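My notes are below the structure.

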Amino acid sequence: MTDAQWARIEPLLPDRTPRRGGRWRDHRQVIDAIAFKYRTGTPWMDLPEHFGSWKGAHNRLRKWAADGTWGKVFTALLAQADIEGDLDWVVAVDSTVVRAHQHAAGARPKGAPAGEPANHALGRSRGGLTTKIHLAADGHCRPLAFVITPGQAGDAPAFTQVMAHLRVPRPTGRPRTTPDAVLADKAYSSRAIRTHFRRRGIRAVIPQPADQVAHRKRRGTHGGRPPAFDRDAYKQRNTVERCINKLKQWRGPATRYDKTATIYLAAIFIWSAR
């Protein structure tokens, strides 16, 4: 972590004195250890000695994942970027499937902590265990919101969840939740999604798949007008694909080793806040 990155993150972290016991180990050393683990895919017990105890780093990761600290840091950094005018509100949405390592299996489906799905966001298909990341990125290829689901889940059903997580606080008033436009591929071309955009006054840039076009034409005048589609604006949809490519440069998020969805989601928050 660079000095500039640490200067932004340090004020957002909890006080180094926990409610019980003595002082925590230096936050910067612990975050560097966690980031190294997920960037390289190194097993916890193989962390280099200069990072200190791997158990301490793992416990801090788990504790801050459970109390929402990682998510709060990410949201605060988005708010800072918005104040500085550094967010592009032409948003692109897409998803990517992540293979789950065999170490990710085995968590008990019952008795999961609050906020943890019973299936741990793991799904089984022909390729084995997988998790899907649904992600919204701004025009600068930076993540704005994301959710994780089992790998076999469809893109369109998770769309409203992604949009619900798009909340950027502002110094006064309500958080911003409405992009200027949303770019998405044909998987998101559904009546429910287009209606959602119209109600919220968001410009949708989504192409229609061939079967929907053919069905509309078969109905003749009853098929209605084709939805508006801006081909030039759609060329910017590559921003979310480039964001996903950057995410998968870290081996930890690119291959899921974590048993619980809460910890895996924390890893994505850490990458996003880097």
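I am working with a predicted model, where local features need pLDDT of at least 70, side-chain atom pairs count only at pLDDT 80 or more, and totals for chains, interfaces and linings use all residues. Residues are numbered from 1 along each chain as its sequence is written, and side-chain values use heavy atoms, with hydrogens and water left out.

**Glu 116.** I found Glu 116 in the loop between strand 1 (90-100) and strand 2 (123-125). Strands here are DSSP runs of E, at least two residues, numbered from the N terminus. Glu 116 is buried (under 20% relative accessible area, 1.4 Å probe, protein chains only). What about a salt bridge for Glu 116? There is none; Arg 256, the nearest side chain of opposite charge, lies 5.3 Å away. The salt-bridge criterion is a side-chain nitrogen of Lys or Arg within 4 Å of a carboxyl oxygen of Asp or Glu.

I then checked its partners.

**Strand 1.** I counted burial next: nine of the 11 residues in strand 1 are buried. I looked up its pairings (at least two DSSP bridges between two strands). Strand 3 (residues 128-137) runs antiparallel to strand 1, with eight bridges; Thr 96 stands opposite Ile 133 there. Strand 5 (residues 181-183) pairs with strand 1 in the parallel sense over three bridges, with Val 91 opposite Val 182. Strand 7 (residues 255-256) is also parallel to strand 1, over two bridges, and Arg 99 faces Thr 255.

Key
Helix = DSSP H or I, 4+ residues; strand = E, 2+ residues; numbered from the N terminus. Buried < 20%, exposed > 50% of the residue type's maximum accessible area, 1.4 Å probe, protein only. Lys, Arg positive; Asp, Glu negative; His and termini not counted.
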